[in-house]
Amino acid sequence: MGKYKKYRIGKLLIVLLAAGSLQLTVYGEENTDVFVPGTTVNGLGISGMTVEEAGSHIGNFYSNEYQLTIREKNGVTETIQGKDIGFGIGLPEGALAEILQKENEAGRVFGPDTDNSYRVQLENTYSQEELEARIQSLNCISGSNIVTTRDAHVSEYEEGQPFTIIPEVRGNNVYPEKVAQVIQDAVAAGDREVNLEAAGCYYQVQVTEGDERLKDLCDTMNRCREMEITYTFGEDSEIIDAAAICSWLAGTSDGEIQVDMEKITAFVAELAGRHDTAGTARTFRAADGREVSVSGAYGWKIDQAAEAAALVSMIRTGQSQSREPQYSSAAALHGGQDWGQTYVEVDLTNQHVYMIKDGVVAWDAPCVTGNQARGHHTPAGIYTLKSKERNRVLRGAKRADGSYEYESPVSYWMPFNGGIGLHDANWRGSFGGNIYKSNGSHGCVNLPPKKTGALFDLVYVGIPVICYH
């Protein structure tokens, strides 16, 4: 058969065959809303179709046949069908109308010598909700044959049994979030296949049973079965035996022994409960021989957070050792009278101050404490001297006009409880007795000026100050 000849279409299109036969096809002006014969878009024929018909035809073709194949471990495959996720492929808005317009403007020419094929970038659409549901139903995520990958690790503690290395397990569990992202990206791009293993979606063994660090950890944990930790508190001590230590072990991770921090924290809290004295009531023998009960912030107090961390570090060595706890507050010595043999005592009842040095009264003087009638009490308790200062002006609360309720220059200032301290009071002519009941201080301990300098020389920052009734 000879070649077709092309003619422009007016009212009538005539195609003459070289063989002399005549075929007449009518494409008059009334047919300008359909595509000419031989028109294709991305290889699909749309001849004689309207823009709407061509758009539907292209969309249906891709939507009905789209399928994503998911390649998994061991040759397993799963699929997601386009129809199950509302998958559709469409042309950009106006693309088909633009093609038809070009054909009309070109005179609606067609034939073997005319290229009426077009390539257009397609746009994918699908239901995100339906796709997510389909992903979650995949066997690789929610199937019954999933084997969890596990690193080699040290066995859990069993009384009387050594720790051993449990070999790794090479399973087939995936990272669900990563699988979902890989599949969503593939569907959005219109890809027909994804390989989960190549995309790094499977958990990988990080530690094998031959790992030298794991072997070392196992050896250290077995040494824990023979170690002891001794806590010392002056002359007293407590021993943590191997059974207790091993019961706190929780395997290994990130190259080091792991412990049960709840158990460690609970133990340290119990230790503090048995040995802390700060804030507890203690019996004090006063200079006049009386026994009184005193309490206060002074005393031993274990820093529980720091000690828990230190205990974990000791356990990880696998070595027996002795340790004194880390304290947030310390006293002079351990025992019932933890303020030691050198301290200042303030007898609030008898209005007298004593400086005890090495168990002996080294200085004493009458005093005046807080004014009871006005509610300016000097609180009882065990404190420590915070500082020593010479030539200080003591001031009361500041008034609205900038002045102070009082201003009292003193030569010796020795605070021990906030703004309460020991100091000379040259405005007083007498001390002791019942002066404090109606003419006392604002809470400080007033001392005779001629005696205060000697006390100032004897005391030091940190010395216990014991106030009692």
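Predicted model: local features only at pLDDT ≥ 70, side-chain atom pairs only at ≥ 80, totals over all residues.
Residues are numbered from 1 along each chain as its sequence is written, and side-chain values use heavy atoms, with hydrogens and water left out.

The structure contains 13 salt bridges, a salt bridge being a side-chain nitrogen of Lys or Arg within 4 Å of a carboxyl oxygen of Asp or Glu. One of these joins Arg-71 to Glu-193, with the closest N and O atoms 3.0 Å apart. This pair connects distant parts of the chain, 122 residues apart: Arg-71 belongs to strand β5 (residues 67-71) and Glu-193 to strand β12 (residues 193-195). Strands are DSSP runs (E, at least two residues), numbered from the N terminus. Arg-71 is partly exposed at a relative accessible area of 34%, and Glu-193 is likewise partly exposed at 44%; the term denotes values between buried (under 20% relative accessible area) and exposed (over 50%), computed with a 1.4 Å probe on protein chains only.

A salt bridge is also formed by the side chains of Arg-290 and Asp-288, at an N to O distance of 2.9 Å. Arg-290 is partly exposed, with 28% relative accessible area, and Asp-288 is partly exposed at 40%. Both residues belong to a network of salt bridges that also includes Asp-347.

Arg-392 and Glu-389 form a further salt bridge, with N and O 3.1 Å apart. Relative accessibility is 31% for Arg-392 and 29% for Glu-389.

Key. Helix = DSSP H or I, 4+ residues; strand = E, 2+ residues; numbered from the N terminus.
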